[in-house]
Amino acid sequence: APAVTFADALLYYKNGDEIAFALTVDDDTDEETAPDALTFDIHVDTGDGQGFKEIVKGCTGTSYSYTIGIGARNTDSLTLLVRTRDTGRMTDGMDVQTSGWAQSAGYKVDNLAPVFESHTLMSNGYTNQNVSIVLNVTETQTADSGVASVTIGGQSLTGPSWTHVVEYCGTYTFTATDEKGNESTYDVVVDKIDKLSPVITATPEGIDEAAGKYANSNASVTLAFADQPQDAEQKNAESGLAPGETYYALIASESKPAAGSIDSGAWKACGASQTVPLSQKGSWYVAGKTKDVAGNETIEVFGPYIIVNSAPTLTQETVTLAVNEGGELSFSLRQYVQDIDTQITNIVIHDATVPAAEGAVSYDKDTDMGKFVHSGKGNPFVDELTFTYTAYDDENLSVTGTVKIVVTEINDQPADPTVTGPAANSPYKDGDPLTLTWTHGADEE
């Protein structure tokens with residue numbers, strides 16, 4: 001019988017595939033059997049004891065192609081063996097002859113999908129940047145045909161690093177396909193992308209918004225700082241405010257300052273809520289600055305808040321004065337109060353405490369003259385006068401304070417003594433005693 005040889009064929013198959021192969025057959029000796037009368041024995045060796053044979057007849061020509069279905073096979077590899085069988089020589093009754101077996105290369109059966117071993121997110125913790133997902137995809141058996149593609153949503157990734165960049169949080173599903181079409185899927189959860197900036201709000205108190213943010217005094221603005229929560233689409237996480245990254249600034253300005261132009265020295269650290277008092281006349285802006293853990297920064301400037309008049313303020317609360325025995329102590333309350341933009345027009349004493357037996361206190365608001373008259377001659381008054389009072393400016397804004405006047409005793413200097421002897425220019429000699437005589441001067445105490 002004529003010899004047979006294999007032509008090229010594919011290397012990898014999977015269960016259910018059909019193996020297509022080509023054969024080249026030599027002429028039968030003396031053309032005992034015509035080419036189209038040759039028969040082929042095809043043996044499929046699956047290596048698992050489940051091989052099978054097929055007999056093919058009726059081929060034409062000296063190059064033959066044939067397709068054989070391998071079915072479901074529990075094997076990693078298989079081999080084809082083919083031989084030809086002639087019809088014998090009919091003229092003299094010679095027996096049918098067969099050629100030797102021609103053996104194919106070892107074909108491999110790939111029935112397993114690629115395996116996603118692991119993945120790496122190229123970002124540690126919360127971030128406001130895009131995140132790269134790097135996939136580790138392998139084939140695990142000896143008959144693997146190799147990873148042909150990794151895709152997500154119709155987009156093909158480039159191996160062998162298989163990297164995909166995402167902009168937002170979400171669950172991303174990847175599909176890996178090998179050369180034989182086996183597929184596997186893999187989910188990667190990204191949950192730490194935060195591209196939403198924190199929010200700063202301002203709540204004014206004591207300010208007439210309808211009149212254009214005007215106030216008389218004692219107004220304030222409360223700033224509240226918060227990170228934006230996760231959005232409804234869950235594209236952005238809530239990373240939270242970064243510790244130590246919350247500040248406020250109070251700026252006197254006739255025009256609104258740009259967020260980036262505020263001097264670094266104007267910022268003061270604060271917590272998630274900060275009340276900023278507005279007590280002085282002028283045009284004021286209140287600014288807030290914060291940053292979240294992901295690195296998003298927000299700077300907001302609120303205002304203007306126009307303070308048309310400020311309330312009086314206390315300048316001093318304790319004064320020490322001295323009073324003589326039987327004397328008077330005069331004092332002024334106006335010296336303890338100041339107003340930077342208007343005048344103090346009225347001071348009212350609510351309470352004045354002094355031991356009744358020691359004297360009396362009075363105050364004239366028109367002249368701002370107070371008087372304490374000590375009544376106990378020979379028994380000096382040493383004590384404290386405490387005045388609680390309210391001072392008003394010309395727009396009836398006020399401040400209430402307490403002034404403590406410490407009254408101390410004065411010890412007057414005695415009058416000079418008078419020398420009475422010896423007389424002036426009296427003669428003496430060495431060794432004589434000198435005797436002085438005098439009278440004391442008067443002393444008030």
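Tutor: K192 is partly exposed, at a relative accessible area of 33%, where partly exposed lies between buried, under 20% relative accessible area, and exposed, over 50% (1.4 Å probe, protein chains only). Its partner is D191, which is also partly exposed, with a relative accessible area of 44%, and the closest N and O atoms of D191 and K192 are 3.8 Å apart, in a salt bridge. A salt bridge here is a side-chain nitrogen of Lys or Arg within 4 Å of a carboxyl oxygen of Asp or Glu. Side chains of opposite charge can pair when their charged atoms come close.

This is a predicted model, in which local features need pLDDT of at least 70 and side-chain atom pairs count only at pLDDT 80 or more, while totals for chains, interfaces and linings use all residues. Residues are numbered from 1 along each chain as its sequence is written, and side-chain values use heavy atoms, with hydrogens and water left out.

The structure holds two salt bridges, and in one of them the side chains of R83 and D41 meet at 2.9 Å, N to O. This pair links distant parts of the chain, since R83 belongs to strand β7 (residues 77-85) and D41 to strand β4 (residues 39-45), 42 residues apart; strands (E, at least two residues) are DSSP runs, numbered from the N terminus.

Methods
Helices (H or I, at least four residues) and strands (E, at least two) are DSSP runs, numbered from the N terminus.
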